[in-house]
Structure formats: C-alpha cells, structure tokens
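Hi there,

Here is the structure I promised to pass on.

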Amino acid sequence: MEETQPPLLWGAEREDTRDSLKELVESLQTYLSDEALATVEKAFRLAQERHRPQVRASGEPYILHPIEVATILAQYKLDPPTIAASLLHDT
C-alpha cells in the first residue's frame, strides 16, 4: 500500500522542517478554514525564504524556531494573523 504525503507541506525544504511543519498544519486544520490556512501558508513561505541562510547554534535551520512558536499559539487556537505574525516575528 502506498504511503501518502501530508496534504500541506507548504514548500518545506528539509525533512526536519517538514516534520515540525506537519505538526503545526495538523493543529491548524482542526480549526481554520482553507482561506485562513492560505494566509498562514503565505507567511510560512516568506519566513522560510528570509531565514533560509540562518541556522541555530545546534545547526538546525532557524525556521524551526518560528514554527515552534506558531505551534504553541495554534494549541490555543489563535487567529490566522497572530499565527502568521508568529512565523514572521524574526524576519
């Protein structure tokens, strides 16, 4: 049986980014409309582009930090502009 890809990976470039992003997207899908998800996706793509050359002290891509912040806020079911701002807060 073929394994299917998660429905939204939003252009995540690395496996570790995709794994973290998958958790965020799954959380957002529980309460946001497709239109609202598109807003958050746009913010993620911009943040990923701007943070592409940056890495954490651990060597992980920096974009993991904004994803982690957004995931925490998504657990509180915050609105799309707030989630988008969390993804963009260091750009």
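Below are my notes, going from the whole chain down to single residues.

First, the ground rules. This is a predicted model, in which local features need pLDDT of at least 70 and side-chain atom pairs count only at pLDDT 80 or more, while totals for chains, interfaces and linings use all residues. Residues are numbered from 1 along each chain as its sequence is written, and side-chain values use heavy atoms, with hydrogens and water left out.

**The whole chain**

The chain holds four helices and zero strands, and from the N terminus on its elements run α-α-α-α. Helices (H or I, at least four residues) and strands (E, at least two) are DSSP runs, numbered from the N terminus. Along its principal axes, the C-alpha trace spans about 40 × 35 × 20 Å. A compact globule of 91 residues would have a radius of gyration near 12 Å, and the 13 Å of this chain agrees with that. That radius is taken over C-alpha atoms, and the globule rule is 2.2 Å times the number of residues to the power 0.38.

Buried residues make up 36% of the 91 residues. Buried means under 20% relative accessible area, exposed means over 50%, and partly exposed lies in between (1.4 Å probe, protein chains only). The accessible surface comes to about 5700 Å², with 50% of it belonging to carbon and sulfur atoms. These areas come from the Shrake-Rupley method with a 1.4 Å probe, and for residues only the protein chains shown count as cover. As for contacts (heavy atoms within 4.5 Å), 58% of those between residues at least 6 apart in sequence join residues at least 24 apart.

α1 has 15 residues and reaches 21 Å from its first C-alpha to its last, close to the 21 Å expected at 1.5 Å a residue. The expected span is 1.5 Å times one less than the number of residues. Its buried residues are Thr17, Ser20, Leu21, Leu24, Val25, Ser27 and Leu28, and what covers them includes α2, α3 and α4.

For α3, the twelve residues 64-75 should span 16 Å, and the end C-alpha atoms are 17 Å apart, which agrees. Which residues of α3 are buried? They are Leu64, Pro66, Ile67, Ala70, Thr71 and Ala74. These cover an arc of only 155 degrees around the axis, which puts them on the same side of α3. The arc is that of the directions from the helix axis to the C-beta atoms. An α-helix has 3.6 residues a turn, so residues three or four places apart point the same way. The cover over the buried residues of α3 includes α1 (15-29), α2 (34-51) and α4 (80-88).

**Residues to click on**

Threonine 71 sits in α3 and is buried, with a relative accessible area of 8%. Its side chain reaches the backbone oxygen of isoleucine 67 at 2.8 Å. Neighbours within four places in sequence aside, threonine 71 is in contact with Ser20, Glu23 and Leu24.

Proline 66, also in α3, counts as buried at 0% relative accessibility. Not counting residues up to four places away in sequence, proline 66 touches His51, Ser86, Leu87 and His89. Proline 66 and aspartate 90 are 24 residues apart in sequence, yet 7.7 Å apart in space, C-alpha to C-alpha.

Histidine 51 lies in α2 and is buried at 3%. A polar contact of 2.4 Å joins its side chain to that of glutamine 54. By polar contact I mean a pair of N or O atoms within 3.5 Å; within protein, one must be able to donate a hydrogen and the other to accept it, and residues adjacent in sequence count only if both atoms are side-chain atoms. Beyond its neighbours within four places, histidine 51 is in contact with Tyr62, Ile63, Pro66, Asp90 and Thr91.

Two loop residues complete my notes. Serine 58, in the loop between α2 and α3, is exposed at 57%, and its side chain makes a polar contact with that of glutamate 60 (3.3 Å). Lysine 77 is in the loop between α3 and α4, and its phi is near 55 degrees, a positive value in a residue other than glycine. Most residues other than glycine have a negative phi.

Best wishes
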